[in-house]
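Dear colleague,

Please find the structure we discussed below. My notes on it follow.

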Amino acid sequence: MLAFLGAIICIIASVYPAASHAGALQGADNGSNAAASALLPATGADKTMGQLFSRFLCTPLTVECPAEGSPQGDSPAAAAAAAASEELFFLQSTAEQLRQTAQQQKEQIRTDQETIRELTTKLSQCENGQDEAVRSLKDRIDKIEDVPTRMNASSTSAPVPAQETIHTKMEELEGQILSKLLALEKERTSITSSHNQQQQNVEKELDALHNRVVGLEHETTVFNPPEAFKVSIPVRNNYMYARMKKSLPELYAFTISMWLKAKNSAEVGTPFSYSAPGQANELVLIVWGNNPMELIINDKVAHLPMNLKDGTWHHICITWITRDGIWSVYLDGVERGASDNLASWHSIKPHGVMILGQEQDTLGGRFDATQAFVGEISQFNMWDHVLMPAEIVALANCTSRLQGNVAQWDEKLVEVHGGAAKLSFEICKAKMKA
């Protein structure tokens with residue numbers, strides 16, 4: 001007699017609800033949430049973490065169990081018992097496969113969490129100004145986070161396509177982030193390369209605007225005679241200066257005459273500097289710090305016994321001859337000092353650049369603001385020989401209009417830069433009236 005036993009095979013499948021999976025991704029660890037809080041949407045942070053639960057899938061099977069004296073061998077009852085045993089084995093194997101698939105899904109979700117944290121860290125390194133791009137990337141991350149949730153419901157039937165979809169999305173997102181970073185790097189390089197050109201354009205515009213303002217303020221001023229003007233450098237910087245257009249020949253002697261008024265009583269700076277090819281300090285007059293005034297020829301230095309820190313106009317005249325390096329200096333027509341052995345038997349190199357108001361570290365440039373002159377300069381003239389003392393006194397008293405034969409003070413031969421201005425010079429006019 002055959003008895004049928006109703007066997008219940010229960011297959012335990014642990015599945016993740018949508019809210020649980022999103023919460024697991026969003027709250028992988030507290031440290032990652034703190035670092036990515038500025039980029040991840042607020043709504044993602046507020047989702048309630050779900051709880052894992054077990055769903056029991058029970059299938060009733062009809063199994064024919066042998067009783068006492070059940071048929072053996074090739075009887076129909078034996079065949080039915082064997083078939084039931086095979087089906088039971090198949091169901092057990094299926095249950096084991098499903099358990100392994102669920103375990104693989106858990107491992108894949110943990111891997112996806114690490115990938116999302118890495119991508120979130122990369123996103124935090126993007127420029128603050130790229131808000132739209134960051135928001136777009138965060139939306140994509142949210143969409144990717146939703147993919148495992150949607151695929152979880154069908155994980156038992158098709159886990160492999162879900163994993164491939166996640167990996168594809170991750171690769172696309174990483175490629176977009178790298179492209180954005182490369183674009184930002186190119187933009188920085190372009191900005192750096194154009195910095196010098198922009199600085200030059202700004203300086204040209206500043207020159208044009210300042211010259212226009214000076215022209216409007218003094219459009220009634222007439223430079224008559226042509227040397228009756230001065231160059232004004234109102235502030236200390238490394239871009240205000242005047243340049244003598246005429247180049248110097250090779251000199252074995254010289255006389256330099258000028259009117260000078262220093263605005264800053266603490267530091268006078270560099271009234272003029274002449275730089276030649278191969279020698280930046282070919283001829284320089286400088287006062288810096290608490291040091292006395294220095295005359296530099298071919299990097300050789302002579303200290304001049306003069307003080308220009310009283311903020312008034314002074315006439316200065318310097319003479320030098322290469323034979324034994326003999327020099328002398330005059331202040332307001334009176335000789336204040338003389339000596340020798342200053343660059344003896346050296347000749348002043350030709351084809352250089354004469355700058356008023358700045359000290360040159362290279363030919364015609366690389367100025368240092370700490371060595372800049374602040375004040376006013378006028379009547380700068382240069383001769384290729386030593387003037388007589390009577391001629392120097394006449395220049396200081398404004399009774400002579402003698403002009404230099406190698407460099408002359410003429411409006412057409414003096415150009416100003418960086419905001420330096422040409423103004424009317426009244427000192428000699430006042431002396432002549434007196």
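What pLDDT does the protein chain average, and how many of the residues score at least 70? The average is 76, and 71% of the residues reach at least 70; pLDDT is the predictor's confidence in each residue, from 0 to 100.

This is a predicted model, in which local features need pLDDT of at least 70 and side-chain atom pairs count only at pLDDT 80 or more, while totals for chains, interfaces and linings use all residues. Residues are numbered from 1 along each chain as its sequence is written, and side-chain values use heavy atoms, with hydrogens and water left out.

Residues 1-58 stay under 50 in pLDDT, with 92 contacts (heavy atoms within 4.5 Å) beyond four places in sequence. Where pLDDT is low, the predicted coordinates should not be read in detail.

UniProt, in an unreviewed entry, places a "coiled-coil region" at residues 88-122; such annotations may be inferred rather than shown by experiment. In the model, residues 88-122 are 100% helix and 0% strand (DSSP runs: helices H or I, at least four residues; strands E, at least two), and their end C-alpha atoms lie 52 Å apart.

One disulfide is counted, taken as a pair of cysteine sulfur atoms within 2.5 Å. It joins C398 to C428, with S to S at 2.0 Å. C398 sits in the loop between α8 (389-396) and β15 (414-417), and C428 in helix α9 (residues 427-433), 30 residues apart. The link of C398 and C428 is left-handed, with -65° about the S-S bond.

With kind regards
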